[in-house]
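Below are my notes on the model, as numbered points. Please read them beside the sequence and the coordinates.

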Amino acid sequence: MTITLAPALAGLALALGIARLIMFIALHLVPSDYNIVQHAVSDYAVGPTHRLATAVTWTSAVFWAVLAGAIALGPPTPEKGVALWLTILAVIFAALPFLPTDVEGQPTTLIGRLHLVAAIAWFSIAYSCMGSIVRLLTPLAPRGLVSFLGVTRWVTAAALIALVTALVIRRLRPYAFGISERIFLLAVYVFYLGAAVGLLLA
């Protein structure tokens, strides 16, 4: 019963992941006061793009929960513990709409600081789970897909390093943070889309 449910959850995760990716791209195409170089993606949750940004966040919350379910109910593997971390991601994303960021130039608030903590947590968890996902899928999914996930993981790591560097070296932030953050997010979205495909094929 549980094993037959796992592919259905993987298929649902795939559909949600595709929807999230489409909405994320649309977020950068609709008219707004923000641009990909000077603004963080979280800025889009404040202002005219609020509804679309919130839709991306809620879809992500459901995506993480469904993907966690697909792993938890799937074939036995030593990496099943990653399902718990994905569930934590779902909880973080469910909370994010209630923790709007402080737009640059505005006073710092407690809610804005909590948003920053939540963002750091989800970035860290999403990246740290990638190794477990690759190991989980290595004996189950096609070799080409596993190799693709490995490459995407390295792209994610490089973008994360660039993102943190831009945060630490403030002179780089206006030129590097926005781009590196978006590369990181796209890599994360694509990686976990591939993970959903791998679970569906397992």
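1. Thr101 counts as buried, because its relative accessibility is 15% (buried means under 20% relative accessible area, exposed over 50%, partly exposed in between, with a 1.4 Å probe and protein chains only). Thr101 sits in the loop between helix H3 (82–95) and H4. Helices here are DSSP runs of H or I with at least four residues, strands are E runs of at least two, and numbering starts from the N terminus.

2. On the basis of the values: this is a predicted model, in which local features need pLDDT of at least 70 and side-chain atom pairs count only at pLDDT 80 or more, while totals for chains, interfaces and linings use all residues. Residues are numbered from 1 along each chain as its sequence is written, and side-chain values use heavy atoms, with hydrogens and water left out.

3. Which residues does Thr101 touch, not counting those up to four places away in sequence? They are Ser42, Asp43, Val46 and His115, where contact means heavy atoms within 4.5 Å. Thr101 and Ser42 are 59 residues apart in sequence, yet their C-alpha atoms are 6.3 Å apart in space.

4. Thr101 also belongs with the largest pocket: along with Ala40, Ser42, His115 and Leu116, Thr101 lies nearest the pocket centre, out of 49 lining residues. The volume of this pocket is about 1200 Å³. On a 1 Å grid over the protein atoms alone, a pocket is an open set of points with protein on both sides within 12 Å along at least five of seven lines, a cavity is a set where a 1.4 Å probe fits but cannot get out, and lining residues have an atom within 4 Å of a point. Grid points are joined across faces, edges and corners, and a volume is the space filled by probe spheres set on the points.

5. Helices H1 (2–27), H2 (50–72), H4 (110–137), H5 (143–168) and H6 (173–201) each give two or more residues to the lining of the largest pocket. H4 gives the most, with 9 residues. By type, the lining has 27 nonpolar, 15 polar and 7 charged residues (Ala, Val, Leu, Ile, Met, Phe, Trp, Tyr, Cys and Pro count as nonpolar, Asp, Glu, Lys and Arg as charged, and the others, Gly among them, as polar).

6. Ile125 lies in helix H4 and is likewise buried, at 10% relative accessibility. Leaving aside neighbours within four places in sequence, Ile125 is in contact with Trp85, Ile88, Leu89, Ile92 and Tyr192. Ile125 and Leu110 are 15 residues apart in sequence and 23 Å apart in space, C-alpha to C-alpha.

7. The search of the whole structure finds 1 cavity of 30 Å³ or more. Its lining consists of Ile71, Gly74, Pro75, Thr77, Leu136, Leu140, Leu199 and Ala202, which divide into 6 nonpolar, 2 polar and no charged residues.

8. For the chain as a whole, there are 6 helices and 0 strands. The radius of gyration is 17 Å, close to the 17 Å that the globule rule gives for 202 residues, so the chain is as compact as a globular protein of that length (C-alpha atoms are used, and the rule is 2.2 Å times the number of residues to the power 0.38). Of the 202 residues, 46% count as buried. Among contacts with a separation of 6 or more, 71% come from residues 24 or more positions apart.
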